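Hi everyone, thanks for making time this morning. Let me put the model up on the screen, and then we'll walk through it together.

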Amino acid sequence: MSIVKNVAIVGHASKGKTTLAEAMLNVAGVTERMGKIADGNTVSDSDAEEKKRGVSISSSLLQFTYDNAKINIIDTPGLFDFALGSAEGLRAADSAIVVVSARSGLAAGAEKAFKGAGKKGMARIIVTSKMDDERADFYKAFNGLVAKFGTTMCPVVVPVLNGGKVVGYYNMIDDTTYTYDGVHKKASDVAHDDQARFDAIKEVFAEAVAGTDDALMEKYFEGESLTTQDKLNGLAKGVADGTVVPVFALSGLTGVGVDMLLDFIKDCCPAPKSEYAIDANGEPIELTVDANGPLAAVCFKTVADPFIGKLNYFKVVSGKLTQGITVVNSRTGKEERVGKVVNLLGTKQTDAKEIIAGEIGAVAKLDSFKTGDTMCTSAKVVTLDGVAVPVPCYSMAITADKKGEEEKVSNAIQKMIEEDPSIAYKVNHETRQTVLSGLGEQHLDVCLSKLSTKYNVTASLEQPRVAYRETITRKVTAQGRHKKQSGGHGQFGDVFIEFEPCDSEELVFAERVVGGSVPKNFFPAVEKGLQESMEKGVLAGYPMVGVKATLFDGSYHPVDSSEMAFKMAASLAFKSGIADASPVLLEPIVTLNALCNDDAMGDVIGDINKRRGRVLGMNPTGDGMQEIIAEVPESEMTTFATSMRQITQGRGSFTTAFARYERCPEHIAQKVIAESSVNE
C-alpha cells in the first residue's frame with residue numbers, strides 16, 4: 001500500500017474534533033457504531049480522566065485503511081491546558097483538519113491551530129462541523145473564515161438549503177448534490193433556496209481551483225468547464241502549497257458528509273514529504289521519504305503508563321523501523337534494540353512487521369527515548385526537529401498528603417513528565433517547597449488525579465512562597481561580646497563591626513583592626529559567623545543581601561578566646577547591628593514578555609498595572625499580535641496565566657525571567673513579615 005496520509009485534527013475545545021474522528025472510523029468501516037463522548041465510549045478518549053471530564057486531554061493515534069489508502073489520524077485536545085497534544089499532532093502529521101462549529105463560527109483555538117499549522121508549512125482543511133444543529137449557519141461561518149483568513153478559503157462541500165433547512169450536500173468536485181440515509185449517500189436533484197448565493201459560492205470554488213495552475217486559469221477564462229480530474233489536480237496542488245484551504249460542511253455526530261472528507265484526504269492531501277535534519281557535524285542534511293534510505297524517525301509522543309508500560313510513538317522520515325534492529329538515540333548516543341512494533345487504534349495495539357518512511361507507529365519498552373528524540377543508525381547519526389513543547393506557565397507548591405510519601409510523589413511525577421514534558425517539577429531550596437508547573441489549573445488538577453488513580457499516592461497544591469530578600473539601608477556600628485565561664489576553660493570573644501549597605505549579593509567582609517585587638521587567626525571565624533547569620537534576616541527570616549561588614553576592633557583573652565567564641569560574638573554583633581541599620585524587605589522582580597492579539601492589548605496592560613507592573617515597551621510582531629515587555633513583582637504573577645488566557649481567549653502567551661530584587665512597598669512588606677511570624 002503506497003498511499004499514506006498523516007492528518008491531525010485540531011481546533012478549539014468542544015467543537016467536535018473527537019466526534020469527527022469517531023465518525024471517520026465508522027464511515028471507514030473500522031467500527032460498527034459511533035461512540036459518544038457523553039457515554040465515555042469513543043476510541044480516542046479512552047483514558048479514565050478523559051471519560052470522567054468529557055474532554056480530550058492527550059493526543060490519540062487512529063490508524064486505519066480507507067479505499068486502499070493508509071490513513072493515520074491524530075485526534076488532539078482543544079483545551080489550552082493540554083496544548084502538548086496539539087503540538088504532538090502537528091509534528092507527526094502532514095495535513096491539519098481545523099474543526100470549526102457551523103453554529104458558533106471561528107473560535108480562538110481554531111484560529112491558533114490554523115496559524116500554527118500554517119507556520120509549519122502544513123496543508124490545511126477546515127471542517128464546519130455540527131451541521132445537524134438547527135442553529136448551524138454554514139454561509140455565515142464561511143464568510144467569517146474569509147474575513148479572518150482571506151480568499152484562500154475554498155468551499156468544497158456545502159449544504160443545500162430548502163425552506164431554510166439542510167436537505168442535502170453539494171460536492172463541488174463532482175458537481176453533484178447528495179442526500180443521506182444515515183451515513184450512506186445518493187445523488188439527488190434537490191433545489192437550493194437561494195440560487196444566486198449558490199452560484200456565487202460555486203464561482204468562489206472555481207476561481208480558487210483555477211488559480212492554482214496557469215493551464216487551468218486559461219481554461220477557466222475561456223469559459224471551459226473544469227473536469228473532475230482538473231479540480232482534483234488543482235486542489236491537490238493548492239492544498240500542498242497553501243494557496244487553497246478547502247472548507248467542508250458536515251456533521252460529525254451523524255456522520256453525514258464524512259465520506260466526502262475521507263475521499264478528499266485520500267485524493268488531495270499531500271503525501272509525507274522530505275525533511276531537513278542536522279548531521280553529526282552540525283550541518284543540515286535533507287532526508288527523503290525513502291524506505292531504503294538511512295533510518296531517521298522522530299519520537300512525537302510518549303506514553304508512560306504504570307499498567308501498559310512505556311510506548312514511544314514515532315514518525316519515520318527515512319528508512320524503515322523493524323523489530324530486532326539496533327538503533328541510536330541521537331540525543332544520548334545510547335544504542336538500543338527495537339522490541340515490539342505496533343500500529344494503534346486509540347489504545348488498541350496491532351503488531352506491525354515494520355514502519356516504513358512516511359509512516360507512523362509505536363515501539364514498546366524503549367528505555368532512553370523520550371518525546372522529541374531522534375532514532376537513527378550508528379552509521380548515520382542525525383537529529384530531526386523535535387516537538388514544540390509548550391512552556392509551563394502556571395506553578396503551585398505540591399505536598400504529599402501523608403508524611404513520608406514525598407519520594408513516592410516525586411517518582412510518580414517524574415514518570416508523568418516522561419509522558420507530558422509540558423510539566424515541570426523542581427525543589428526550591430530557598431522556600432523549602434516543591435513546585436509543580438504546568439499550562440493551567442486543569443492541567444495540574446489532572447496531574448493530582450493521575451497521582452491518585454495511577455500511582456496510588458495523594459497530594460495537595462498551595463500557593464508557592466516567594467523568595468524574598470532582606471537588606472539594610474544605613475551604616476551602623478555594633479558590638480558583639482560572647483563570654484561564658486563553666487569550669488575549666490571559658491569562652492571569650494569580643495568584636496566591634498561596622499555594617500553598611502553595598503551592591504553585592506554576598507556578604508562583603510573587610511577588616512581594619514589595629515594593634516592586634518583581635519588576632520588575625522580569628523578573622524575567618526568572625527567572617528564565618530557573619531556568613532551564617534546572613535542566611536536568616538531579622539525582619540522575616542529571609543536571606544540577607546547587600547551587606548558590607550568591617551571588623552575594626554575588639555578584645556580577646558589569651559586562654560579563653562577561641563574560634564567558636566569569636567564566631568558567636570560576630571553573630572551577636574550581626575543581630576544587634578542589622579536591627580539598627582533600618583532593614584528592609586526586597587522582592588524579586590521578573591521581566592515579562594507577553595504576546596497578545598491587538599484587541600486585547602489594552603486589557604492586558606491594565607492587568608499588568610493592577611499587578612504593580614511597569615510596562616517598558618510594546619512591539620508589533622505582525623499577524624495582528626503585539627509583544628508587551630514589562631517588569632512585574634513575582635508575587636503578583638501567580639494568577640497571571642489564568643487572566644492572560646481569559647483576556648486573550650487563549651490567543652496570548654508569555655514568558656518570564658528573573659530581573660532583579662527591588663525594595664518591597666511598606667504595606668506589602670508588613671503583610672509578608674506578619675505571615676512569616678505566623679508560620680514560625
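Let's start at the largest cavity, which is lined by I37, G40, N41, T42, D45, E50, K51, G54 and V55. By cavity I mean, on a 1 Å grid over the protein atoms alone, a set of points where a 1.4 Å probe fits but cannot get out, and lining residues have an atom within 4 Å of a point. Two of these lining residues are nonpolar, four polar and three charged. For those classes, Ala, Val, Leu, Ile, Met, Phe, Trp, Tyr, Cys and Pro count as nonpolar, Asp, Glu, Lys and Arg as charged, and the others, Gly among them, as polar. The space inside comes to about 40 Å³, and the structure holds one cavity of 30 Å³ or more. Volume here is the space filled by probe spheres set on the grid points, which are joined across faces, edges and corners.

A quick word on provenance: this is a predicted model, so local features need pLDDT of at least 70 and side-chain atom pairs count only at pLDDT 80 or more, while totals for chains, interfaces and linings use all residues. Residues are numbered from 1 along each chain as its sequence is written, and side-chain values use heavy atoms, with hydrogens and water left out.

Now the largest pocket, a pocket being an open set of points with protein on both sides within 12 Å along at least five of seven lines. How much space lies in it? About 1200 Å³. Its lining has 42 residues, and A83, K112, P390, R651 and S653 lie nearest the centre. Elements that give two or more residues include strand 1 (4-11), helix 3 (83-92) and strand 36 (653-663), but the largest share, seven residues, comes from helix 4. Helices (H or I, at least four residues) and strands (E, at least two) are DSSP runs numbered from the N terminus. The lining splits into 20 nonpolar, 13 polar and nine charged residues.

On to helix packing. The axes of helix 10 (residues 406-419) and helix 11 come within 10 Å and cross at roughly 110°, which makes helix 10 roughly perpendicular to helix 11. Axes are lines fitted to C-alpha atoms, for helices over the stretch in contact, with angles from 0 to 180 degrees between N-to-C directions. Angles under 35 degrees count as roughly parallel, over 145 as roughly antiparallel, 65 to 115 as roughly perpendicular and the rest as oblique.

Helix 6 (residues 195-210) and helix 7 (residues 214-221) have axes that come within 8 Å and cross at roughly 140°, so helix 6 is oblique to helix 7.

Two loop residues are worth a look. S14, between strand 1 and helix 1 (17-27), has a positive phi near 60° without being a glycine. N456, between helix 11 (441-455) and strand 27 (459-462), has phi near 55°. S14 is exposed at 57% relative accessibility, and N456 is exposed at 62%. Buried means under 20% relative accessible area, exposed over 50%, partly exposed in between, with a 1.4 Å probe and protein chains only.

Finally, the whole chain: 16 helices and 36 strands, with 53% of its 680 residues buried.
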